[in-house]
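Hello,

Here is the structure for you to look over. Please keep it open while you read the notes below.

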Amino acid sequence: MQAKLSESLRAELAHLEAADLRRSLPTADDLVGDPRLDFCSNDYLSLARLPFTASAQSPRGTGAARLLGGTLVTIDAVEKLAANWLGEESALIFPSGYQANLALLAAIARRSDILVLDAAIHASAIDGARLSRAKVLVHRHLDLNNLEDKLRQAQAILPDEGRLLIATESVFSMSGEGPDFGRLDELAQRHQAHLIVDEAHAVGVLGEHGQGIAPSSCYPSVAARIATGGKALGAAGAFVVGDQCLVDLLVNRGRGFIFSTGVFPRLAQTLLDSIQRAEADTEGRQKLAKLKQSLCRQLGIPEPRGSIVFLNMGDEKPALAAAALLQNAGFAVRAVRPPTVAPGKSGLRLVLHTHNDEASVNELCQAISDFGFKPTASNVPMPIQSSLKGQRPKYCGSKSIWIVGTDTGVGKTVVSALVGIALAKQCPTYYWKPVQTGDEDDTRRVKELVGDHSVKTTARPRYEFPLPASPHTAAAAAGTTIDFTSLLETHLHLCTQHQDGFLVIELAGGLMVPYNHEFSQADLLQNGEGKIVLVARSGLGTLNHTILTFEALNRRGRTIDALILVGETHPENLRTLQDLKVARRIFELPQLEVLNTSSLESWNSIDDLAEALS
């Protein structure tokens, strides 16, 4: 008899509970109590606490989607006011910021386009990018050098009719930091890309009149901006602002707009009032800046761009414990955990408002000091301005080494150990297999083969499935799916954590094996830097499989740095692959009589392989 769905759901909830990742809805009592102690909400200018004052004669609702029911005068007025305030030609209102991002990205990006996203961008932008069916690349958070690498990759594979789009936030919702827009705009213009900027946490807080920091009049590459009504404006809803043709496109292709009932008139009336108040509240913005300066000075951390201050606690347990201590002391503070932040980045998100005061900030800092918080390097935001001058900082092997196979069973795990042994002579080397299928434990096998060499295999696979099949099939057999975003986040976390060395990443099966119906292993590799090692059989079938893999990588603007042919030597195949120049270097790894650390160390080309990958 088939088990009830509720039994399966309870098992999932138990798994979240065991990982300290289960959430429940808190009460809002601490937010409606002493406003001085609210360091949690996004009500920056305290407008959400004002009483509702809309006219009683205002209709309750709009009755239909606007293409059917038309546009009420109040809604037309608030769209015009928002566009004028934000310095753009036109605006379109949505019921929420999430829906605005979803509709915008799904409408503006086509299948032939490429979208480049910041790794920390809001979930709504990620979901909108998925719905668009455009190809998606992800760059390291706030790393504009890495963004430029992604733009070069994108231009190499962009169809003639394709558009290149960059989506980012002017103030990121967890860290309070944002990109250098001068450099970002310059990069976008040079690579003929268009910027989409979510200003949810900047509007009302930054800019001379609270209009945010990325108007298209200042940065010509900005094609669209999102301004939410649920943060500094103290209400709900959101606006997409830009040229009139952008709004016209959303009216015609924005499914989140076309198939949604128009926002209720009282929301539009509230936003009319909030925009006027926010635009005039220069004193409030000055107060936010002073409170932020005081908080950061007392905690010994740099000031972020926005009114959000993030304290990185590392794992979930200390973040939850710290939040509980502060809540018991009367402060409205929340812990943030994956998937809201990347693994290893759990912490406290502190938000400043005009209803806080200097005394409450001092009390909060004292309470944080009492539980022993000390700022670390992981608490310090990346120095955006200085990092963009000159080349990216050089680390000893600050790159990934991707171990890719032409097929399954070609010897990728052995080659991963071999690469680890070769590179460990230079600096620390780490191994990670994103997805493990079947009952073999490749992480344990690599650890056995590398022996005493300084190759760390502490990172377990992000997903492990018992069925020996391709990742998407094995996941389906286990009753789940692979979340591609979680693989990206884990990879970025490991790269950040292991900047002192190399990260050897072994993929499962061949390059084009799917993770789910949208993304393949090639997409994960495409979103990561580093060098590529292709492992192939030396004999029958290698020409077809190797050339197909070479062409797939070449279409993505990537090259094979080392091709390793495993098994009994086949001179004709070797000569053909050399003539076709499928790889920068080609190596032959014969069948080893005994497979252990010593036999791998004694391979006569191990030093040449290390040189090719360094």
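Residues are numbered from 1 along each chain as its sequence is written, and side-chain values use heavy atoms, with hydrogens and water left out.

Confidence

pLDDT is the predictor's confidence in each residue, from 0 to 100. The chain averages 86. A score of at least 70 is reached by 92% of the residues. Residues 377–398 have a pLDDT below 50. This stretch still has 42 contacts in the model beyond near neighbours in sequence; contact means heavy atoms within 4.5 Å. Where pLDDT is low, the predicted coordinates should not be read in detail.

The mixed sheet

Helices (H or I, at least four residues) and strands (E, at least two) are DSSP runs, numbered from the N terminus. Two strands pair if DSSP finds at least two bridges between them. An open sheet of 7 strands has the order E1-E7-E6-E5-E4-E2-E3, with mixed pairing. Strands E1 (90–94) and E3 (135–139) stand at the edges with a single partner strand each, so one side of each has no neighbour in the sheet. The twist averages 20 degrees from one strand to the next. Axes are lines fitted to C-alpha atoms, for helices over the stretch in contact, and angles run from 0 to 180 degrees between N-to-C directions. Strands E4 (residues 164–169) and E5 (residues 193–198) run parallel, joined by 6 bridges. Leu 165 has His 194 in E5 as its bridge partner. Helix H7 (residues 144–157) packs on this sheet and touches E2 (114–118), E3 and E4. The direction of H7 makes about 160 degrees with that of E3.

The parallel sheet

Another open sheet of 7 strands has the order E14-E12-E16-E11-E17-E18-E19, and its pairing is parallel. Its edge strands are E14 (455–456) and E19 (583–589), each pairing on one side only. Helix H21 (residues 542–555) packs on the sheet, touching E17 and E18 (560–566).

Look at strand E11 (residues 399–405). Buried means under 20% relative accessible area, exposed over 50%, partly exposed in between (1.4 Å probe, protein chains only). In E11, 6 of the 7 residues are buried, so the strand is largely enclosed by the rest of the structure. E11 is joined to E16 (residues 502–510) by 6 bridges, with Gly 405 opposite Gly 510. E11 also pairs with E17 (residues 531–537) over 5 bridges, with Ile 403 opposite Val 533.

Salt bridges

A salt bridge is a side-chain nitrogen of Lys or Arg within 4 Å of a carboxyl oxygen of Asp or Glu. The structure holds 29.

- Arg 110 and Asp 113 meet at 3.0 Å, N to O. Arg 110 is partly exposed at 26%; Asp 113 is buried at 1%.
- Arg 152 and Glu 148 meet at 3.4 Å, N to O. They are 4 residues apart in H7, about one helical turn. Both belong to a salt-bridge network that also includes Asp 149, Arg 183, Glu 186 and Arg 190.
- Lys 425 and Asp 607 meet at 3.1 Å, N to O. Lys 425 lies in the loop between H16 (412–423) and E12, and Asp 607 in H24 (residues 606–613), so the pair ties together parts 182 residues apart in sequence.

Best wishes

Methods:
Predicted model: local features only at pLDDT ≥ 70, side-chain atom pairs only at ≥ 80, totals over all residues.
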